[in-house]
Amino acid sequence: MNFLNEIMREYPSAISFGPGAPNHAFRDDFSIPECLACFEEHLIEQTGCTAKDASNLLYDYGPSKGILNRLIADALAMDEGIDVAPSSIVVTVGAQEAMALALRALFRSPRDLLAVVTPCYVGIIGAAKALGVDTVPIDETDNGLDLAGLAGAVAHARSQGSNIRALYVAPDFANPSGTIISRSAREQLLALARKENFFIVEDTAYAFTAGVPDPTPSLKALDTEHRVVQISTFSKIGSPALRVGFVVADQRTRNADGKDEFLADALGRLKSMISVNTSPICQAVAGGMLLRHGGSIRALGRAKADFYRSNLQALIDALDHKLSPLVAEWPTIAWTRPEGGFFVRLKVPLEVDLNLLRRSAGEYGVIWTPMVSFHPAGGGRNEIRLSCSYLTREQIQVGTERLASFLRAACASATQGSDP
Ligand SMILES: Cc1ncc(COP(=O)(O)O)c(C=O)c1O
């Protein structure tokens with residue numbers, strides 16, 4: 001990912017299908033002073049404190065578990081019927097901190113393994129690596145994940161004296177695949193987690209892009225046994241600059257001293273030693289955003305989902321138009337048609353590496369992400385990820401034309417056995 005940023009800096013006129021960033025069209029939605037004022041008013045109303053106290057609260061250290069917990073608990077209840085106490089929620093420095101905290105708290109023995117639905121988000125692979133947690137890839141399928149493969153991995157781990165402690169999955173329009181896991185696959189996954197006794201770490205970063213009144217329920221909404229640790233973020237639905245995410249951790253676990261406690265308490269304690277607390281100012285801005293949408297995360301997302309879905313459709317249409325002529329010559333070229341999320345995956349008859357990316361950027365003015373980074377155990381060598389979330393329609397058109405020119409040249413040279 002750092003390499004991608006470097007390339008974007010090096011070739012500023014290239015159109016980049018690289019970052020999964022929200023669109024700047026929504027910048028005006030998000031007035032920091034108005035959001036802060038809205039949250040301060042809410043505090044005064046809720047607690048009866050003075051305006052000065054409300055403002056002081058935002059400019060000071062805060063509780064490690066956060067100051068948005070009740071708002072988030074109410075939003076989860078209103079949006080999804082999830083019944084969770086505010087004390088079971090920890091507001092984190094983005095989803096990334098939530099991932100690191102959850103892994104640190106849940107994984108205590110080197111024999112504990114993290115299964116990851118693959119291809120998967122690089123942030124969880126990175127957090128697992130940084131914490132010395134070994135991962136086991138589980139294949140994604142068209143409408144879910146390879147449940148038989150997961151059951152096999154659980155049995156195999158056990159036969160080796162280790163243990164699948166948790167599975168990481170982003171069931172709604174995953175990054176990078178855009179896959180949505182069907183309701184029945186979600187139910188089967190929960191049944192397997194119950195039978196085999198593992199946790200599920202659910203990442204809902206792109207769920208808001210479903211944009212329908214009645215989306216597939218989250219794993220947490222279907223979870224009757226506190227097996228699901230749900231991680232969410234305001235980065236895509238709001239702004240990544242906020243660095244505000246949260247984790248719902250309402251399960252009882254045994255701590256290092258052998259005492260039972262709520263996972264959220266363990267996460268809060270860990271957080272107090274890592275980032276102390278999430279910036280109250282940033283939390284207040286995120287809280288203000290929510291309050292301005294009736295306190296509903298779903299309503300906050302609904303205002304943006306249509307935009308992202310039509311950008312995605314514009315990219316798919318452009319690929320249909322510009323790349324179909326290439327398919328006649330190179331039939332392995334193929335692209336996905338997700339119905340939500342920020343990403344399309346493109347298969348190409350090329351060995352995709354950073355050198356190829358540099359040529360694409362330098363000679364054709366188009367940047368994309370190699371898929372190898374999303375495969376912890378190897379794979380994805382002939383695939384690229386295209387993100388369209390922060391581009392304009394015009395950039396999508398021009399970028400796809402450039403991509404088609406690049407692919408034509410690169411595939412022709414590869415067919416002739418020389419470099420493009
Ligand atoms: C699936 C997924 N989860 C989480 C994140 C990052 O969240 P945050 O910015 O809150 O750390 C991303 C960002 O790309 C993502 O794609």
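**Stop 1: a helix pair**

Select α2 and α3: α2 passes α3 in a right-handed crossing (right-handed if the near helix is turned clockwise from the far one by less than a right angle, left-handed if anticlockwise). Helix α2 covers residues 32-47, and helix α3 covers residues 51-58. Helices here are DSSP runs of H or I with at least four residues, strands are runs of E with at least two, and both are numbered from the N terminus.

Before going on, a word on the model: it is predicted, so local features need pLDDT of at least 70 and side-chain atom pairs count only at pLDDT 80 or more, while totals for chains, interfaces and linings use all residues. Residues are numbered from 1 along each chain as its sequence is written, and side-chain values use heavy atoms, leaving out hydrogens and water.

Back to the pair: the axes of α2 and α3 come within 9 Å and cross at roughly 120°. (Axes are lines fitted to C-alpha atoms, for helices over the stretch in contact, and angles run from 0 to 180 degrees between N-to-C directions.) That makes α2 oblique to α3; angles under 35 degrees count as roughly parallel, over 145 as roughly antiparallel, 65 to 115 as roughly perpendicular, and the rest as oblique.

Now show the side chains: L36, F39, E40, L43 and I44 from α2 meet A51, A54, S55, L57 and L58 from α3, where contact means heavy atoms within 4.5 Å. By class, this contact of α2 with α3 has eight nonpolar, one polar and one charged residues. (Ala, Val, Leu, Ile, Met, Phe, Trp, Tyr, Cys and Pro count as nonpolar, Asp, Glu, Lys and Arg as charged, and the others, Gly among them, as polar.)

**Stop 2: α13 and its partners**

Next, pick α13, residues 354-364, and α14, residues 393-416. Their axes come within 10 Å and cross at roughly 120°, so α13 and α14 are oblique to each other. The crossing of α13 and α14 is right-handed. L356, S360 and Y364 in α13 meet R402, S405, F406 and A409 in α14.

**Stop 3: an aromatic pair**

How many aromatic pairs does the structure hold? Twelve. Rings of Phe, Tyr and Trp (its six-membered ring) pair if their centres lie within 6.5 Å; planes under 30 degrees apart count as stacked, over 60 as edge-to-face and the rest as tilted. Select F26 and F307, an edge-to-face pair at 5.1 Å centre to centre with 80° between the planes. F26 sits in the loop between β1 and α2 and F307 in helix α12, so the pair ties together parts that are 281 residues apart in sequence.

**Stop 4**

Go to P119, in the loop between β3 and α6. A cis peptide bond joins T118 and P119, with omega about 5°. Then jump to the loop between β6 and α8, where P176 is found. The bond from N175 to P176 is cis too, with omega near 20°. F173 lies in the loop between β6 and α8 as well, and has a positive phi of about 55° although it is not a glycine.
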